[in-house]
Amino acid sequence: MIKKQFLKSRPVCKATFSVPATAISGKKVGVVGEFNNWDTDAPIKMTKKKDGNYSATVELPVGKQVEFRYLVDGQEWLNDSEADSYVTTPFGTENCVVSTQN
């Protein structure tokens with residue numbers, strides 16, 4: 001699930017990515033995408049909340065389509081079932097897309 005907050009003070013969309021605990025089989029969850037150059041060695045760390053779900057907030061530029069995926073324990077890729085859209089990759093998988101159109 002992705003929650004978006006558009007800032008009035010600057011052209012930024014704060015996107016909060018959330019993954020339910022029931023979808024996770026591992027312990028470390030991160031979000032990887034165009035915003036971190038797909039660096040799997042340095043994913044945006046998702047923190048476990050009191051309800052057991054994982055979340056992380058990333059500032060994204062407004063007016064973009066940004067590709068991302070979740071990475072569990074550095075090995076297992078997950079998609080967000082509520083992404084704005086999906087893009088097929090050259091590897092035969094799909095990346096999630098979050099739209100920051102305001």
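Five residues separate β5 from β6 in their hairpin, and Gly-52 there takes a positive phi near 95 degrees. The model is predicted; local features need pLDDT of at least 70, side-chain atom pairs count only at pLDDT 80 or more, and totals for chains, interfaces and linings use all residues. Residues are numbered from 1 along each chain as its sequence is written, and side-chain values use heavy atoms, without hydrogens and water.

β5 and β6 run antiparallel and are joined by two bridges. Lys-48 stands opposite Tyr-54 in β6. Strand β6 (residues 54–61) also runs antiparallel to β2 (residues 12–19), with eight bridges between them. Here Cys-13 has Leu-60 of β6 as its bridge partner. Strands pair if DSSP finds at least two bridges between them.

The protein chain holds ten strands and zero helices. Strands are DSSP runs of E, at least two residues long, and helices are runs of H or I, at least four, numbered from the N terminus. Buried residues (under 20% relative accessible area, 1.4 Å probe, protein chains only) make up 37% of the 102 residues. The C-alpha trace spans about 40 × 35 × 25 Å along its principal axes.

The largest pocket holds about 170 Å³ of space. A pocket is an open set of points on a 1 Å grid over the protein atoms alone, where a 1.4 Å probe fits, with protein on both sides within 12 Å along at least five of seven lines; lining residues have an atom within 4 Å of a point. Volume is the space filled by probe spheres set on the points, which are joined across faces, edges and corners. The lining has 14 residues, with Lys-28, Val-29, Gly-30, Lys-45 and Met-46 nearest the pocket centre. β3 (29–33) and β5 (47–48) each supply at least two lining residues.

Definitions and conventions:
Buried means under 20% relative accessible area, exposed over 50%, partly exposed in between (1.4 Å probe, protein chains only).
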